[in-house]
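Reader: I'd like to learn how to read a model like this one, feature by feature. Can we put it on screen and go through it together?

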Amino acid sequence: MPHRQKGRATMPTQREQDEADLRRHVDRIIEALGAKDLDALRCLYATDVVSFDVEPPLQHVGIEAKLKNWTNVFTVFQDVSYEVRDLALTVGDDVAFGHGFGRLSGTLRDGTATTGMWVRATFGFRKTDGAWLIAHDQVSVPFDISTGRGVTDLEP
C-alpha cells in the first residue's frame with residue numbers, strides 16, 4: 001500500500017511491510033483461537049517452536065507441545081477470546097520480536113463467563129522462505145516477591 005509524502009505516493013519499506021505482516025500474524029492467532037482452529041494455529045508457529053507458557057512444565061518444545069497447550073485451552077473453554085494490547089515490534093531482516101499484553105477470556109465449559117487475566121507476552125519471529133513464523137513465545141505474570149504468588153489482577 002503506497003504512503004503519501006508531500007503530495008506524492010511512496011512505497012512502504014521492507015521493514016514497514018514486514019511489520020504489517022507480523023501484526024497480521026498476531027491477528028491470525030487471535031482469529032484462530034476464537035475459531036478453536038488448531039490447523040490455523042499450526043501454520044503460525046515454527047515446527048521447532050519453544051514456548052515458555054504459564055502452565056507447567058518450564059518449557060514446551062516443538063509444534064505438537066504448543067498445540068497441546070492450545071488444545072488444553074479449548075478443553076476448558078466453550079468460547080474463547082484473545083486480546084492483544086500495546087504490541088511493540090522490532091523487525092530485522094529474518095528475525096523479529098514483539099512484546100505486549102495478552103488476555104484470554106471467554107465462557108468456560110460449565111457456562112461461567114470469565115474476563116481472564118492480563119499476562120505479559122513476548123513473541124520471537126523467524127522468517128523462513130519469506131514467511132514469518134513464531135519460533136519462541138513467552139507468557140508470564142508478575143509475582144509478589146514477599147509471598148511468591150502470582151499477581152493476576154493487574155491491567156495495562
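Reader: How much space lies in the largest pocket?

Author: General idea first: rolling a probe the size of a water molecule over the atoms shows where empty space is left. On a 1 Å grid over the protein atoms alone, a pocket is an open set of points where a 1.4 Å probe fits, with protein on both sides within 12 Å along at least five of seven lines, and lining residues have an atom within 4 Å of a point. Grid points are joined across faces, edges and corners, and the volume is the space filled by probe spheres set on the points. Here the largest pocket holds about 510 Å³.

Author: One caveat before we go on: this is a predicted model, so local features need pLDDT of at least 70 and side-chain atom pairs count only at pLDDT 80 or more, while totals for chains, interfaces and linings use all residues. Residues are numbered from 1 along each chain as its sequence is written, and side-chain values use heavy atoms, with hydrogens and water left out.

Reader: Which residues lie nearest the centre of that pocket?

Author: Asp 53, Val 54, Trp 70, Val 73 and Leu 104 do, out of 27 lining residues. H3, E5, E6, E8 and E9 each give two or more residues to the lining, and H3 supplies the largest share, six residues. Those labels are DSSP runs numbered from the N terminus: helices (H or I, at least four residues) and strands (E, at least two).

Reader: Is Lys 66 buried or exposed?

Author: Buried means under 20% relative accessible area, exposed over 50%, and partly exposed in between (1.4 Å probe, protein chains only). Lys 66 is buried at 1%, and Asp 53 is buried at 18%. For contrast, look at the salt bridge between Arg 85 and Glu 83 (3.5 Å, N to O): Arg 85 is partly exposed at 29%, and Glu 83 is partly exposed at 29% too.

Reader: What does Asn 69 touch?

Author: With contact meaning heavy atoms within 4.5 Å, Asn 69 touches Asp 53, Glu 55 and His 60, leaving aside residues up to four places away in sequence. Asn 69 lies in helix H3 and is buried, at 4% relative accessibility.

Reader: Now the strands. How many bridges pair E5 and E6?

Author: Two strands pair if DSSP finds at least two bridges between them. E5 and E6 (residues 95-108) run antiparallel over 12 bridges, and a hairpin of three residues joins them. As an example to click on, Ser 81 has Ser 105 in E6 as its bridge partner.

Key: A salt bridge is a side-chain nitrogen of Lys or Arg within 4 Å of a carboxyl oxygen of Asp or Glu.
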